Amino acid sequence: MNTYADMVTLLLCFFVMLFSMSTIDAEKWEAIVRSFVNPGEETNQVVVVPDGEGEDKGVNQGDPGNSDGQSTGQPSELPENFDDLYEYMKQYVESRNMQGSVNVEKGDGSVYIRFSDNIFFNPDKYELREDSFDILNFLGDGLVAVEDQIKAVNINGHTAMVPGITDYPVSDRRLSSERASSVAIFLEEQKGFDGAKLLAVGFGGLHPIADNNTAEGRSKNRRVDMLIISSENSEAGEQMLAQMLSGTFDPNQYPAVGNVQDEMMGKGNSQPKEPERPRFAEDESDETQSQNESQPEEPAS
């Protein structure tokens with residue numbers, strides 16, 4: 001018993017000696033303490049990376065920072081025009097080290113954003129997670145700032161098909177549609193963006209971008225794609241919008257209209273076709289009598 005107690009005492013002295021010789025980074029220690037005391041503000045995830053030397057000094061993942069270890073924060077200036085929207089979102093993603101989960105690209109008269117599904121949703125769920133509100137609020141502020149320069153925002157939900165499972169309890173198409181709608185509802189109801197410009201579509205697992213046979217591939221396939229199209233006359237933008245709205249309603253009048261009457265429109269027509277009245281037997285007899293009366297009598301030979 002005495003030998004065991006002596007060993008524990010020696011170990012304690014040894015660790016006290018090591019602690020006295022060590023140095024503690026005050027900022028990292030404070031970040032770790034905050035993560036336990038008040039999680040949810042700026043410490044959703046704190047990963048301490050060993051320090052290097054010079055320019056290789058580590059940066060905490062999940063804590064906005066740059067290569068110098070200084071916090072850059074998030075962009076505070078709202079976009080003034082549609083072209084600024086791309087840089088606005090790109091700076092946000094880079095400042096939060098979210099390049100692995102959010103991809104932002106710029107096209108001709110459009111901005112394309114791809115979100116991994118784990119940013120917004122839990123598995124097999126369509127309700128938005130609370131920690132997704134930050135990026136959605138930021139995105140919504142940018143969209144509202146240049147709303148008059150936006151023609152349409154297409155939100156596509158995608159899921160992954162797991163090989164070998166044919167009787168999955170959750171419908172891929174329904175889940176993807178509800179996820180796309182959840183994002184659209186947030187932008188409309190929480191941020192006040194014009195709902196007539198939001199087009200939410202669910203494609204299920206029909207459009208994979210990676211191999212569903214691997215867990216990594218299925219993770220990439222579970223996503224939400226957003227295509228923001230400028231209201232300026234751009235041939236590329238017009239073609240993309242026409243493809244999105246093909247077979248849905250008259251794209252020439254979007255987003256002013258988009259209802260059942262548009263479904264009834266034929267190509268090139270500006271008015272819906274009037275449905276034909278049902279024909280009855282008495283109508284046919286009246287028509288036959290009218291034709292006989294209108295024919296001239298044959299001259300007598």
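## A nonpolar patch on the surface

Eight names to look up in the structure above: Tyr4, Met7, Val8, Leu11, Phe14, Phe15, Met17 and Leu18 make up a nonpolar surface patch, and their accessible area together is about 780 Å². Such areas come from the Shrake-Rupley method with a 1.4 Å probe, and for residues only the protein chains shown count as cover. A patch takes residues with over 30% relative accessible area and no salt bridge; nonpolar side chains (Val, Leu, Ile, Met, Phe, Trp, Tyr) are joined within 5 Å, and like charges within 9 Å. A salt bridge here is a side-chain nitrogen of Lys or Arg within 4 Å of a carboxyl oxygen of Asp or Glu.

Val8, one of the patch residues, sits in helix α1 (residues 2-21). Helices are DSSP runs (H or I, at least four residues), as are strands (E, at least two), numbered from the N terminus. With 38% relative accessibility, Val8 is partly exposed, a class between buried (under 20%) and exposed (over 50%), taken with a 1.4 Å probe and protein chains only.

## How the model was read

This is a predicted model: local features need pLDDT of at least 70, side-chain atom pairs count only at pLDDT 80 or more, and totals for chains, interfaces and linings use all residues. Residues are numbered from 1 along each chain as its sequence is written, and side-chain values use heavy atoms, leaving out hydrogens and water.

## Rings that pair up

The model has 5 aromatic pairs. Rings of Phe, Tyr and Trp (its six-membered ring) pair if their centres lie within 6.5 Å; planes under 30 degrees apart are stacked, over 60 edge-to-face, and the rest tilted. Tyr88 and Phe138 are stacked, at 4.1 Å centre to centre with 5 degrees between the planes. Tyr88 belongs to helix α3 (residues 82-95) and Phe138 to helix α5 (residues 133-145), so this pair ties together parts 50 residues apart in sequence.

Tyr92, in helix α3, is 46 residues from Phe138, and is buried at 1%.

The predictor's confidence in each residue is pLDDT, from 0 to 100. The chain has a mean of 73, and 57% of its residues reach 70 or more. Confidence is highest in α5, at 96, and lowest in helix α9 (residues 260-263), at a mean of 43. Over residues 257-282, pLDDT stays under 50. Where pLDDT is low, the predicted coordinates should not be read in detail.

Conventions:
Contact = heavy atoms within 4.5 Å.
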